[in-house]
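Let's walk through this structure together, starting with the whole chain and then zooming in on one residue.

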Amino acid sequence: MMIGCPTEIKPQEFRVGMTPNAAREAVAHGHDVCIQAGAGAGAGFEDADYIAAGAKIVDTAEEIFATADMIVKVKEPQAGERKMLRDGQLLFTYLHLAPDPEQTHDLLASGATCIAYETVTDDRGGLPLLAPMSEVAGRLAPQVGAWTLQKANGGRGVLMGGVPGVGPARVLVIGGGVVGTHAAKIAAGMGADVTVLDRSLTRLRYLDDVFGGTFKTSYASAGNTIELAQAADLIIGAVLVPGAAAPKLISRAQLADLKPGAALVDVAIDQGGCFETSKATTHQDPIYDVDGIMHYCVANMPGAVARTSTIALGNATMPFMLALADKGWRQACLDDPHLMNGLNVHAGQLTYYAVGKALGIDVIAPSVAIKG
Ligand SMILES: NC(=O)c1ccc[n+]([C@@H]2O[C@H](COP(=O)([O-])OP(=O)(O)OC[C@H]3O[C@@H](n4cnc5c(N)ncnc54)[C@H](O)[C@@H]3O)[C@@H](O)[C@H]2O)c1
């Protein structure tokens with residue numbers, strides 16, 4: 001197969017769809033790999049690294065879209081890229097189609113087969129191609145929270161780990177899933193006094209079993225949430241209700257009861273945010289003040305650490321990318337129902353129920369589409 005990887009063109013996107021290691025593996029499997037010149041630069045990979053891995057460097061995205069059987073990317077194709085997609089071409093990337101009718105219609109019109117990272121599943125009910133980015137955002141949250149707490153940034157001027165004779169920062173993590181667990185581990189590692197709230201007792205039992213000595217757990221009733229929030233220096237929002245906007249767990253009125261200069265890091269901002277006063281910010285201008293409480297609400301946190309994020313994503317996508325290249329998408333999906341769950345669009349038809357429901361478009365089952 002000819003596998004192509006163009007430079008990401010979405011603003012502020014520095015990741016790249018294939019690492020040199022992914023290219024090396026694809027070449028070792030007998031495939032040709034084409035990388036756009038400079039595609040890896042934002043993540044710290046030189047063209048020479050790809051050449052050493054056996055890939056070919058081409059100058060333009062046009063050449064890649066014109067020749068590749070499969071396009072491997074990070075972000076959803078932008079309007080100009082969608083125009084270049086061809087009938088029968090395979091696209092493997094994040095798509096997030098449900099809130100994006102324009103992209104959905106363009107992909108349907110292209111005739112391409114589109115497999116979305118975010119809907120590929122695993123045996124444990126997880127989303128293996130979303131998890132690495134949640135791990136990154138979770139581990140980054142205490143780091144940016146610690147920075148936000150610094151006096152010059154408007155914070156309380158509290159050091160995460162304290163010092164001998166001075167207690168540590170109190171950190172509350174709301175939601176103990178992938179983001180919350182990684183956030184709690186790092187905050188505890190920085191020496192903070194950490195409590196994780198969740199509404200799932202099963203999850204709380206797991207966290208207590210595995211991390212009992214590292215951080216505390218508490219049930220996320222409204223009463224517990226606000227009581228612990230009032231005592232916290234840093235609050236990390238990490239909840240997810242699948243398929244729904246994030247619930248608002250701290251209202252504007254309740255900000256008055258928090259410690260002055262406390263920091264809120266709302267990782268759930270990509271689902272609308274879990275604090276009433278959250279609004280999406282960028283890496284250029286990440287924090288703002290509401291009633292003396294500092295908010296950090298960057299919607300694409302992994303972009304801040306593009307190299308780590310690229311390698312983490314590449315580790316997760318590589319086995320699927322190789323299966324698609326080795327077997328062709330039909331056989332790869334027939335052999336792996338979790339990969340089949342990633343199929344969103346095929347030959348002008350939508351194949352993912354939730355997207356069809358959100359956009360009012362007819363859907364056919366992937367098992368039917370695969371025969372077409
Ligand atoms: N901003 C970013 O760059 C970025 C990056 C990655 C993930 N995210 C977002 O972070 C959020 C968390 O993702 P995840 O992968 O950890 O999800 P997850 O499903 O692994 O965990 C979510 C947890 O929230 C808990 N929960 C749900 N409602 C709750 C409530 N009312 N109170 C307390 N806990 C509650 C669930 O029981 C679950 O354990 C999502 O919104 C995700 O989209 C954002």
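Here is a short tour, from overall build to local detail.

This is a predicted model, where local features need pLDDT of at least 70, side-chain atom pairs count only at pLDDT 80 or more, and totals for chains, interfaces and linings use all residues. Residues are numbered from 1 along each chain as its sequence is written, and side-chain values use heavy atoms, with hydrogens and water left out.

The chain holds 14 helices and 15 strands (DSSP runs, numbered from the N terminus: H or I of at least four residues for helices, E of at least two for strands). Its C-alpha trace spans about 65 × 45 × 35 Å along the principal axes.

How much of the chain is buried? Buried residues make up 51% of the 372, buried meaning under 20% relative accessible area with a 1.4 Å probe, protein chains only. As for contacts (heavy atoms within 4.5 Å), among those between residues at least 6 apart in sequence, 61% join residues at least 24 apart.

Now for Phe45, in the loop between β2 (32-36) and α2 (47-52). Phe45 counts as buried because its relative accessible area is 9%. Leaving aside neighbours within four places in sequence, Phe45 touches residues including Val16, Pro20, Tyr50, Arg307 and Ile311. Pro20 sits 25 residues away along the chain, yet its C-alpha atom and that of Phe45 are separated by 7.5 Å.

Notes
Buried < 20%, exposed > 50% of the residue type's maximum accessible area, 1.4 Å probe, protein only.
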